[in-house]
Amino acid sequence: MKTEAEKRELVKMFQSKINAMQRLGKVSSEVATDHFAPFSTAFPNQTFPTGALHEFSSYEAVSGASTGGFIATLTGKLAKNDGICLWVSREKKVFPSGLKQFGLAPERIIFITTSNQKEMLWIIEEALKCESLTAVIGEIKQLTFTESRKLQLAVERSGVTGFIHRFMPSGENAVACTARWKITPLQSSFDDDLPGVGHPYWDIQLLKVKNGKPDSWQIGWQNGQFQTFSKENNPISINERHAG
Amino acid sequence: MTRYASIWFPFLLSEHAIRKQPELCEVPFVLASRKKGRMVIDASSKLATQKGIFSGMVLADCKALFPELEMLESEPGKNEKLLLALAEWCIRYTPFVATDFPDGLLLDTSGCTHLWGGESAYIETIKEKMKSFGYTVSIAIADTIGTAWGIARYSSQNIVPEKKQHEALKNLPANALRLNPLILSKLKKLGLKRIDSFIGMPRESLRRRFGPELPTRIGQALGQELELIVPIKPVEPYMERLYCLEPISTATGITIALEQLLQTLCTRLESEGLGLRKATFSAYRIDGDIQQIEIGTGHPSLNTVHLFKLFEHKIATLEPSLGFELFVLEAPTTESVSEEQAVIWNALNQNDKKIAELIDRITARKNTNVISRYLATEHYWPERSVKEAEPLWEKATVEFRSDLPRPIHLLSKPEIVQVTAVLPDNPPLFFRYKGKIHTVSKSDGPERIEQEWWISDGLYRDYYCVEDTEGARYWLFRSGPYEKEQPQWFLHGFFA
């Protein structure tokens, strides 16, 4: 007869195995990386899912830039120092000099621009099939469920992480993905009341996670890492600042 | 052993005229052009020749003899054009084809004839084909160009066995040695009409009497002196050919042919330590049309599967119609595959190859796909601070800087905004962008970036990072100083 603790251990092991099969996280025996703290907590097995499809959406140029920045931080953590990434977009927009502050080496990214939507999907799919890439970032306008399913299948086979950024889509249809994010910029803040624009500061909403708990964070990016502020004692709320 | 074939077209121009106007085959006709004020015949048709009319005669004389003689204006340089076209068509029989003006072709048939089942079958095939085009030809194969030329024109024989040039030539007239008319008339005057009457004479005395041409020509005909042909198309060192028994008109057939050719070409390149950079796949259609598809790779490649993928979607552009009878795969550009070159940055070899192949596939697919990698340059001016890596795997010489605030999205063309600022050098208080007023709550700056005078003239820019009350961060700049006129403000980028 097994003890309660042993049983719990067994269940945990099975769960992690199932998750691994579903590409929802690594088996616990593998070294868990906490580069993705605090986001890892929302995902099953406390692991940020790599080799999966993440979907982002934004409707304005400003939130588009914030989303781009956030994706750059995630990609930078994934690529570390030797990964090669592909950035597919409709037009030349990303400024390589602006990427370095997010921990992503601009010279390790291959940018592809194409105006044709069909062509772009083909490129993203082919790139996701190429195991040698670390991540593929696709800035796309529309994505139907069938198309996303194709990308998802490619990702499951190759283990490449895909970030699909839907910029100004005409509607939010459901797509097959492991996680759905929405990033909006927040007023930047300093710990003390220094003047000037501070570090990037975002409202990050994790709207959907497979087998996980959707969550939201207000988080800053500073000196190469995420800076969290608990929701209650947010240093200066926007309204207060207005009053001041 | 080298073997040469000489093809002679006795009625090249007139038969071409018949091809154009079939009704001419019933009547004797000549092609003539104006020379020194009178019409001189350039070429006469088979029927006209039988009546004793040859090129070089004056048209008026011939008209007096045969009033029913038809006349066509001849086109200068026509025979060269025709021969060149015929030579290109003959590439299916051997890669080395040369034109032999004014009325023949030369083929280096070494190692080719067995594909048609021997030399006589080879000659028959060409004769048949030429006959179907309407050309009468006389073909001879011999060890030397000189002998083949003479036999084709002055003998009924077709094939001269190896090293039997002397026997084949001895009964022919002296004309069979490609001599100029002056030497021929001298020989005639001395009664040396047949080749065997002077071929045995000492070369030195021949040289003294007739000049250096005669001994040279004899030497070339007998194979004692080297003679080379200049092929109309330079033969690519890396070329593979595939002949088809039956014309191929399906995509599957073309696919099989291409795969086979890639396999042989890559095996050959691999043994020489080379990789393919550019390849041309040509398909020769049965009606003489030649179609080509091309690919290029960013890295020397030997991966047949990958190369085939690059060709794959272009196969559909080939139009087989009645079918292709010959496929040729050429590699005009190759590069040596060396170990250090295979390493991009410091990632693993295998990975690099896969990424390079992916890039090739994307490039091959459509021209509208722009692939670029960016490197830092030593410029502050934002538009010039990055450059495209050329080639794609160029190594960075300058590090990207992270100490200056730079936006993540940069507008390719700065957009005009209306700005309110308290004092000339103060950051903006409000700005209007696309009809919306943004209230600035925080700002940094200015960061002045001067024009690089050695590159371009213009105003300097004062850059400000501003954050509006909604938390959105922008990169604005003022172009030039406050003077009589208000300076223009621009929005240049978005911060994350």
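Student: Which residues does B:Arg473 touch, not counting residues up to four places away in sequence?
Tutor: B:Arg473 touches A:Pro185 and A:Val197 from chain A, and B:Cys465, B:Glu467 and B:Phe495 from chain B, where two residues are in contact if their C-beta atoms, placed from the backbone, lie within 7 Å. This is a predicted model, in which local features need pLDDT of at least 70 and side-chain atom pairs count only at pLDDT 80 or more, while totals for chains, interfaces and linings use all residues. Residues are numbered from 1 along each chain as its sequence is written, and chains are lettered from A and ligands numbered from 1 in the order in which they are written.

Student: Is B:Arg473 buried or exposed?
Tutor: B:Arg473 counts as buried because it has 29 C-beta neighbours inside 10 Å; a residue is buried if 20 or more other C-beta atoms lie within 10 Å of its own, exposed if 12 or fewer, and partly exposed in between, with C-beta atoms placed from the backbone. B:Arg473 is found in strand β19 (residues 473–479) of chain B, helices (H or I, at least four residues) and strands (E, at least two) being DSSP runs numbered from the N terminus.

Student: And how far apart are B:Arg473 and B:Lys442 in space?
Tutor: From C-alpha to C-alpha they are 9.2 Å apart, although 31 residues separate them in sequence.

Student: Switching to the chain contact, how many residues does it take from each chain?
Tutor: Chain B gives 45 residues and chain A gives 46 residues. On the side of chain B that touches chain A, the elements that give two or more residues include α13 (349–365), β12 (370–372) and β17 (436–449) of chain B, and the largest share, seven residues, comes from α13(B).

Student: Which strand of chain A is joined to β12(B)?
Tutor: Strand β3 (residues 109–113) of chain A is joined to β12(B) by three bridges, and the two run antiparallel; strands pair if DSSP finds at least two bridges between them. One of the residues involved is A:Phe111, whose bridge partner in β12(B) is B:Ser372.

Student: Which residues have the most contacts inside the largest nonpolar core?
Tutor: They are A:Cys85, A:Leu133, A:Val136 and B:Leu476, in a core of 87 residues, a nonpolar core being a set of buried Ala, Val, Leu, Ile, Met, Phe, Trp, Tyr and Cys residues joined through C-beta atoms within 7 Å. The largest share of this core, eight residues, comes from helix α2 (residues 61–79) of chain A. Beyond four places in sequence, A:Leu133 touches residues including A:Ile84, A:Val160 and B:Ile355.

Student: Why does B:Lys163 count as exposed?
Tutor: B:Lys163 counts as exposed because it has 12 C-beta neighbours inside 10 Å.
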